[in-house]
Amino acid sequence: MGIIFDKPLIGVVMCQKDLGGHLTQTVHNKYIDAIVLAGGVPLALPHSLMNAPHLLENAMAVMDGLLLTGSPSNIEPWHYGEPGEEPHADPGRDHLAFQLITWATSHKMPIFGICRGMQELVVANGGALWREVSGQPPFQRHHEDETLPLDQQYAPAHQVTIEPDGVLATLLDSDSSLRVNSLHHQGVREPGPQLRVEARAPDGLIEAVSLRHHPFALAVQWHPEWQPESTAGSQALFSGFIQAAIRYHRGKADE
């Protein structure tokens, strides 16, 4: 008897860090919990999927959506044509994320990117980043005060103005503004020709993008996964992503 489809499977990219001398891949519970709350089933995607071409293909064939999470690490600058080293690098995540984006884009699989995930979508599509937003006038400070408790770090920090007639405006049923948190040092300098700007901060910094000619590929610079049940607009973003994943799954079943 075949498996009865109930909830879409969402691939979640992981980060690598050193824990007591052991290289460990992790993903914060808040991303997993937000997917479950919205009606999806999260499945972690390890960097070892890059060890052989068929591993990535096999894993993604059963998925219905891709979540690109935030991370303490930054994309290595050579990926977008900048010189120098990145002290907070995660090369395995860079390579996996770019391959996942390429696969998901070519198969029209729903993509939702958050913070670093938005920057990955931008760089994968020919865009570039500011390596430190706060050092670039006229931008304001966009990173958190790490001495504060988490609920204050993730508190709303500024408004974003939503562009009309886009994916974000449709999900939020609004062409106006939204107040969001802000926990990032890097930001989008050039979005690239394949991306549509969906929202900006008051200082003009790009806060959300979508991939043109794709059923659902949205990314935001803020963190909607933080307490989504009580944060304005967050549930609508995850719900829209999961609904797109359900449509994608049904489309696969019809092929």
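Colleague: Which residue is the bridge partner of Val 209 in strand 13?

Modeller: Ala 219 is the partner of Val 209 there. Bear in mind that this is a predicted model.

Colleague: And what makes strand 12 and strand 13 a pair?

Modeller: Two strands pair if there are at least two bridges between them. Strand 12 and strand 13 (residues 217-220) are joined by 3 bridges, and they run antiparallel, so they meet that cut-off.

Colleague: How many bridges link strand 8 and strand 11?

Modeller: There are 2, between strand 8 (residues 158-162) and strand 11 (residues 195-200), in the antiparallel sense. The cut-off is at least two bridges, so this counts as a pair. One place to look is Ile 162, whose bridge partner in strand 11 is Ala 199.

Colleague: What about strand 11 and strand 12?

Modeller: Those have 5 bridges, again antiparallel, with strand 12 covering residues 206-211. Arg 196 sits opposite Ser 210 of strand 12. The two strands make a hairpin with 5 residues between them, and in the turn Gly 204 has a positive phi of about 95°.

Colleague: Why do strand 4 and strand 9 stand at the edges?

Modeller: Take the strand order of the open sheet, 9 strands with mixed pairing: 4-1-5-6-13-12-11-8-9. Strand 4 (41-45) and strand 9 (177-180) each have a single partner strand, so one side of each lacks a neighbour in the sheet. From one strand to the next, the twist averages 25°.

Colleague: What lies across strand 1, strand 5, strand 6 and strand 13?

Modeller: That's helix 7 (residues 234-254), running at about 150° to strand 6.

Colleague: Why are helix 2 and helix 3 called oblique?

Modeller: Their axes cross at roughly 55° and come within 11 Å, with helix 2 at residues 53-61 and helix 3 at residues 91-106. Under 35 degrees would be roughly parallel, and roughly perpendicular starts at 65. The crossing angle falls between those limits, so the two helices are oblique to each other. The crossing is right-handed.

Colleague: Which residues meet where helix 2 contacts helix 3?

Modeller: From helix 2 it's Leu 56, Glu 57, Met 60 and Ala 61, and they meet Leu 96, Gln 99, Leu 100 and Trp 103 of helix 3. By class that contact has 6 nonpolar, 1 polar and 1 charged residues.

Note on methods: Residues are numbered from 1 along each chain as its sequence is written. This is a predicted model: local features need pLDDT of at least 70, side-chain atom pairs count only at pLDDT 80 or more; totals for chains, interfaces and linings use all residues. Side-chain values use heavy atoms; hydrogens and water are left out. Axes are lines fitted to C-alpha atoms, for helices over the stretch in contact, and angles run from 0 to 180 degrees between N-to-C directions. Helices (H or I, at least four residues) and strands (E, at least two) are DSSP runs, numbered from the N terminus. Angles under 35 degrees count as roughly parallel, over 145 as roughly antiparallel, 65 to 115 as roughly perpendicular and the rest as oblique. A crossing is left-handed if the near helix is turned anticlockwise from the far one by less than a right angle, and right-handed if clockwise. Contact means heavy atoms within 4.5 Å. Ala, Val, Leu, Ile, Met, Phe, Trp, Tyr, Cys and Pro count as nonpolar, Asp, Glu, Lys and Arg as charged, and the others, Gly among them, as polar.
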